[in-house]
Amino acid sequence: MPMNSLPTAILAHMVAVNNVPPPPLRNIPGLKPNKTINYGQLNALCHIRGLQSSRHSSLNLTAHNTFIKQYPQIFSHEKSVFPKIFQQDEKRKCCGKTEEKKPEHDYSHNISVYVRQARGGPILHEEERATLKFIQFLDILKKLPVHRTIHEQNIVWRMLKKIPLLSSQLSDEQLKILSRNVVSETWTKGSTVIGDDGLYIILKGFARPQVKVLRSLTGEEDSVISSISRESLVFDAQLKDSTVAEIYLPSRQLVLKKWSTFGSLEVTSETEMDKTLHSVVIEEDCEILKIPAKEFEKLKLEKVKHDNVQKLKLISKCPFYENWPTLSIYELVSLSKWKIFPPGHVLVESGTVISFVGFINSGYCNIYRNVVGLVSLRLNKMKKVKKLVYMGKLREKQSFGEISILLQDPFTCTIITGGEVEMTIIEDKDILGKSLDPVTKELMIQTAKPTFGHLTEEDVKNEYIQKVREREWKYFKKKTIKRILHCNGVLPGFGKWDHYWPSIPRNLKDTLVSY
């Protein structure tokens, strides 16, 4: 770009006189294009033919009109993005194939959704999630138990907890053990399933139970004798008649659907098998969960064995039974059972015979004795009132009630649980009846002692008087301290003096502590 003559002369003079080197030449800074202007359209607009002509002609007028029309096009307008509207029946074609999108569920006008929520039931999308979990549950059951992971075993355990028939009879720990051995069986339509070796739960499909029917060979109407349970069959006199045939047919009224059960968890002998027959006819391909009766029986035996071991340890550690022979303790174990009592529960009152012998496994019980005390009334009158005096505690690994039951001797004290107490108990009917050996009864009488039987009436009165004195002394002590603080100007009035303790002088604190 050519430079002007005046700046060139000035630069030449500076170099000749002051030996100042000329400044370096710099480029014009580049301009950033504006994002809102379409420069290509602007360039085309500036080169319209006839626009720069100064003559008034028809060509100049045409160019001017064209410029006015195309002028708004040089500004770029951003497209407004609106929220996407989902359509249920929206389809698109891709690679020559038609692909349907899953419709979005609109529950705003579905009253069943709000009814389910009000009743605490699952909403629709939770049902879909539950369906996926159930499919996963079926896939896990098809595996052998040895091939299942711990996570898969926990899934089976959680599903078994939702079956009311199992959760009502078994604890969570028992269901967890049982879930490691359950398997599923696939039965096709028309098959007959005889549930005589376990409990069967229908997971998929449906079936009809078989009922016993007496069909007359002379053409008379059939008569239905029993239904699905058939726990006991009473043979009618008609069975002895040679003109009557005994057959089993699918029931027309009863239908076993998903989560329905048949069979039994009880182990039946071969002689009782015909009497407790549980059979169904598959009407649709079924997936059936089988819980073997032998596994359930084994689980019950293990539970009983574990409970007996715990009871044996508990009874043998009680002071009265430390020197007992193991055989005699086993006799007590066979008659005992676990029981949990809530806090504040009265186990036995003074003057009554207890109904059980207790062995405390956890928690404690408070012992109270009755005493007659005087209560002051108005007009200097006194009244006699029975009061309970705390005398001690029964702790873990201690027993009570043996002498009271065997000798029918009323309790001299009242026993109340101090917290939640777990104990094993033996009821009085088992001890006094023929269940317990006479030798064991005599041994129990010789070793056991009355609960807190060493306490005399004098001991109880002295304990009551001491507690009354302690309570009165605490009241007098607190009142005296307040008066001392008030007289020294530390405590304004008779409010809570604890807040004023930091401000009390040291010599006065020593006096108060001596009280």
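The exercises below, each with a worked solution, concern a predicted model.

Residues are numbered from 1 along each chain as its sequence is written. Because this is a predicted model, local features need pLDDT of at least 70 and side-chain atom pairs count only at pLDDT 80 or more, while totals for chains, interfaces and linings use all residues, and side-chain values use heavy atoms, without hydrogens and water.

**Exercise 1.** Describe how helices H9 and H10 are placed against each other.

Begin with the geometry: H9 (residues 293–317) and H10 (residues 326–335) pack at about 120°, and their axes are 10 Å apart. Angles under 35 degrees count as roughly parallel, over 145 as roughly antiparallel, 65 to 115 as roughly perpendicular and the rest as oblique, and H9 and H10 are therefore oblique to each other. Next come the residues in contact (heavy atoms within 4.5 Å), which include Leu312 and Ile315 of H9 and Ile329 and Val333 of H10. Sorted by class, this contact holds six nonpolar, three polar and one charged residues.

**Exercise 2.** Determine where Glu284 lies and whether Glu284 is buried, partly exposed or exposed.

First locate the residue: Glu284 belongs to the loop between strand S10 (279–282) and strand S11 (286–292). Then apply the cut-offs, by which buried means under 20% relative accessible area, exposed over 50% and partly exposed in between (1.4 Å probe, protein chains only); at 39% relative accessibility, Glu284 counts as partly exposed. Finally, leaving aside neighbours within four places in sequence, list the contacts of Glu284, which are Trp187, Lys189, Gly205 and Phe206.

Technical notes: Axes are lines fitted to C-alpha atoms, for helices over the stretch in contact, and angles run from 0 to 180 degrees between N-to-C directions. Helices (H or I, at least four residues) and strands (E, at least two) are DSSP runs, numbered from the N terminus. Ala, Val, Leu, Ile, Met, Phe, Trp, Tyr, Cys and Pro count as nonpolar, Asp, Glu, Lys and Arg as charged, and the others, Gly among them, as polar.
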